[in-house]
Amino acid sequence: MDRYAVVGNPIAHSKSPYIHQWFAEQTGQSLMYEKILVEMTAFDEDVSGFFALGGKGLNVTVPFKEQAFRFADVLTDRARLAGAVNTLALQNDGTVMGDNTDGAGLVADLLVQDWPLSGRRILVLGAGGAVRGIIGPLLEQKPESLLIANRTVKKAMAIAEAFPGGAVGASSYAELEGGFDLVINGTSASLANELPPLPAGLLGAQTAVYDLMYGVGPTAFLRWATEQGVERCSDGLGMLVQQAAEAFYLWRGVRPDTAPVVERLRRLVNAG
Ligand code: NDP
């Protein structure tokens, strides 16, 4: 049976094995998917060992996405642009391809929820690994404007500069004003139940708000947005399923139906 896994540190919390098992059941694919805890200094060794023993593909999560980028023999364009890899796939010639499906997953989830991106003014908060992965795919949707704000402004500028023609802007939080159609929280602040230092008046009733993080109930950022009168809020659970579906397609050449898997995962997460 073909072997797949997700690697990270920590890894116990990962929901990827459920998602891929449900995709496999739904599409009649025969595969095994496990989670592997990789020690901080053992990424190359463990991943080489996985493929040497016949493993077919890996998902890569925190903190190894940059290491996976360096490990891959060949990269997709979107992985190269992101500077990070969340999916490794063994190819027929024995080489390992690195891809980044996070941005495609986010865009797919936004479009499934009927949040159009074309012609919209988009603000992205944060400039870490996840944001590096989503800017290219967001830009492909031809928004009217795309701005990155981050606590460490230099990091937002570095990401913006990777895109030609000033297509992506960079800002501090203090400089932000309102007028955005969509605000995406790509910081990890919600993990600590915190908020980025956002100015009052940033959000209006018409703004749609998305947090890459998900959990039981709304994140701190989504709670804050609701208090500001925002009606369209979403967490990142759908993105998690959609990025997994992209990886599944890369490995198996089959596109799973994501909607029932999102529902099933939501029930699992809410059950704790
Ligand atoms: P990183 O550690 O690479 O980046 C963290 C970012 O958050 C940095 O920009 C950092 O700012 C900022 N930040 C952290 N704490 C605060 C705070 N208190 N106030 C303001 N800014 C803060 O993390 P990732 O990019 O890998 O992940 C970001 C989030 O995205 C996580 O919540 C993760 O769970 C989620 N994610 C969800 C996915 C999904 O499929 N749904 C996929 C990938 C990620 P600074 O640069 O100034 O330090």
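**View 1. Helix H9 packs against helix H10 in this predicted model.** The axes of helix H9 (residues 237-252) and helix H10 (residues 258-270) come within 10 Å and cross at roughly 130 degrees, where axes are lines fitted to C-alpha atoms, for helices over the stretch in contact, and angles run from 0 to 180 degrees between N-to-C directions. H9 and H10 are therefore oblique to each other, given that angles under 35 degrees count as roughly parallel, over 145 as roughly antiparallel, 65 to 115 as roughly perpendicular and the rest as oblique. On the H9 side, Leu237, Gly238, Leu240, Val241, Gln242 and Ala245 meet Thr258, Val261, Val262, Leu265, Arg266 and Val269 of H10, contact being defined as heavy atoms within 4.5 Å. The residues of this contact divide into 8 nonpolar, 3 polar and 1 charged; Ala, Val, Leu, Ile, Met, Phe, Trp, Tyr, Cys and Pro count as nonpolar, Asp, Glu, Lys and Arg as charged, and the others, Gly among them, as polar. Helices (H or I, at least four residues) and strands (E, at least two) are DSSP runs, numbered from the N terminus. Residues are numbered from 1 along each chain as its sequence is written. In this predicted model, local features need pLDDT of at least 70, side-chain atom pairs count only at pLDDT 80 or more, and totals for chains, interfaces and linings use all residues, while side-chain values use heavy atoms, with hydrogens and water left out.

**View 2. Val241 is a buried residue of helix H9.** The relative accessible area of Val241 is 0%, and buried means under 20%, exposed over 50% and partly exposed in between (1.4 Å probe, protein chains only). Leaving aside neighbours within four places in sequence, Val241 is in contact with Ile19, Phe23, Thr258, Val261, Val262 and Leu265. The C-alpha atoms of Val241 and Val112 are separated by 12 Å, although these residues lie 129 residues apart along the chain.

**View 3. Helix H5 also meets helix H9.** The axes of H5 (residues 102-112) and H9 come within 7 Å and cross at roughly 125 degrees, which makes H5 oblique to H9. From H5, the residues Asp102, Ala104, Gly105, Leu106, Ala108, Asp109 and Val112 meet Gly238, Met239, Gln242, Gln243 and Glu246 in H9. This contact divides into 5 nonpolar, 4 polar and 3 charged residues.

**View 4. Asn150 is a buried loop residue.** Asn150 is found between strand E8 (145-149) and helix H7 (153-161), and has a relative accessible area of 8%. The side chain of Asn150 reaches the backbone nitrogen of Ala127 at 3.4 Å and the backbone oxygen of Thr152 at 3.0 Å. Not counting residues up to four places away in sequence, Asn150 touches Gly126, Ala127, Lys155, Ala156, Ser171, Ser172 and Tyr173.

**View 5. Cis peptide bonds join Asn9 to Pro10 and Val62 to Pro63.** Most residues other than glycine have a negative phi, and most peptide bonds are trans. For Asn9 and Pro10 omega is about 5 degrees, and Pro10 lies in the loop between strand E1 (2-8) and helix H1 (16-27). For Val62 and Pro63 omega is about 0 degrees, and Pro63 is in the loop between strand E3 (57-60) and helix H3 (65-71).

**View 6. Asp114 has a positive phi.** The phi of Asp114, a residue other than glycine, is near 65 degrees. Asp114 sits in the loop between H5 and strand E7 (121-125), where Asp114 is exposed, with a relative accessible area of 61%.

Technical notes
Polar contact = N/O pair within 3.5 Å; in protein donor to acceptor, adjacent residues only side chain to side chain.
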